[in-house]
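Please read the points below alongside the display.

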Amino acid sequence: MARRRKSTPGPYLLHLEVLRDRIAHADRYPFNLPAVRGLTRLQFHPKVTFLVGENGSGKSTLLEAVAVECGLNPEGGSRNFNFATRASHSALGDAVRLAKAPNHPGDSYFLRAESYFNVATEIEYLDREFKKSGLRGEPLIKAYGGVSLHEQSHGESFFALFQNRFGDNGLYLLDEPEAALSPKRQLQFLALLHGYVRRGGQFVIATHSPIILAYPDALIYQLDASGVREVAYTDTEHYLLTRGFLSNPQRSLDALLTDEPKTDAPHSSEESQS
């Protein structure tokens, strides 16, 4: 029986390289995305790396490729999850290579907000099969707080994962963890994140949340039409838009909701002939 390696504090991921010789069709998705097209190497922060950008910028695609290269299920979960509701992950995972530190994580997990429902369903299925087997041990849901993820609100089930499933010396890849969280819960998530980082964890997070992005001592990459570049928190579009709106909501609303100038309705052919 192989001896399990002892976990050690992070970092675990050093950088990502895009292997151009493995790309057969550079003009096709996802290789035609600006964030991928010019990318050769992406350095990871030893604690927290953020990927930010508009919808369709490629941040989730890039994070998914990291997860696949780490041996994690593309739809989410740990290394022990191997279900596939629909094979929708991109080919980018086959064209990247991760430079890893010699440190060994005690745990790794990929949260994909859009498919977390599928993870919850798989947990219930595995627990039913475990119960039928008659084997001794704890059901899988115990690691998530002991309450069915389908019997909680979306936000509560997300928070159950963050609060119960994660541990010390872990590598965690999170795609839009704020998707189901209220602003208050996002602040609580920051406190949990800080605790896990202090206990040896490393995180790579794709997010739209200006609250979560505020975590100090992190590296932020902006993905947009110009490619991928490192930015300061206060230079992110997420921060600037949120600050601008909250500093003067009425002004922002006036600009957004001003009625379009009305145009005269066209006359009917009968009216034009009368």
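Which residue in β7 is the bridge partner of Leu171? The bridge partner is Gln202; point 3 places this pair in its setting.

1. Basis of the note. The model is predicted: local features need pLDDT of at least 70 and side-chain atom pairs count only at pLDDT 80 or more, while totals for chains, interfaces and linings use all residues. Residues are numbered from 1 along each chain as its sequence is written, and side-chain values use heavy atoms, leaving out hydrogens and water.

2. Overall. The chain holds eight helices and nine strands (DSSP runs numbered from the N terminus, helices being H or I of at least four residues and strands E of at least two). Of its 274 residues, 45% are buried (under 20% relative accessible area with a 1.4 Å probe, protein chains only). The C-alpha atoms fill a box of roughly 95 × 45 × 40 Å along the principal axes.

3. Strand β6. All six residues of β6 (residues 170-175) are buried, so this strand is largely enclosed by the rest of the structure. Gly170, Tyr172 and Leu174 lie on one side, and Leu171, Leu173 and Asp175 on the other. Strand β5 (residues 107-112) pairs with β6 in the parallel sense over six bridges (pairing requires at least two DSSP bridges), and Leu111 has Leu174 as its partner in β6. Strand β7 (residues 202-206) is also paired with β6 in the parallel sense, over five bridges.

4. The open sheet. Three strands form an open antiparallel sheet in the order β2-β1-β4. Its edge strands are β2 (41-43) and β4 (96-100), each pairing on one side only. The twist averages 20 degrees from one strand to the next. Three bridges join β1 (residues 13-18) to β2, and Leu16 stands opposite Leu42 in β2. Helix α2 (residues 59-69) lies across β1, β2 and β4, at about 65 degrees to β4.

5. Helices α4 and α5. The axes of α4 (residues 154-165) and α5 (residues 183-198) come within 10 Å and cross at roughly 20 degrees (axes are lines fitted to C-alpha atoms, for helices over the stretch in contact, with angles from 0 to 180 degrees between N-to-C directions). That makes α4 roughly parallel to α5, a term for angles under 35 degrees. Phe159, Phe162 and Gln163 in α4 meet Arg185, Gln188, Phe189, Leu192 and Tyr196 in α5, where contact means heavy atoms within 4.5 Å. The residues of this contact divide into five nonpolar, two polar and one charged (Ala, Val, Leu, Ile, Met, Phe, Trp, Tyr, Cys and Pro are nonpolar, Asp, Glu, Lys and Arg charged, and the others, Gly among them, polar).

Terms used
Parallel < 35°, antiparallel > 145°, perpendicular 65-115°, else oblique. Buried < 20%, exposed > 50% of the residue type's maximum accessible area, 1.4 Å probe, protein only.
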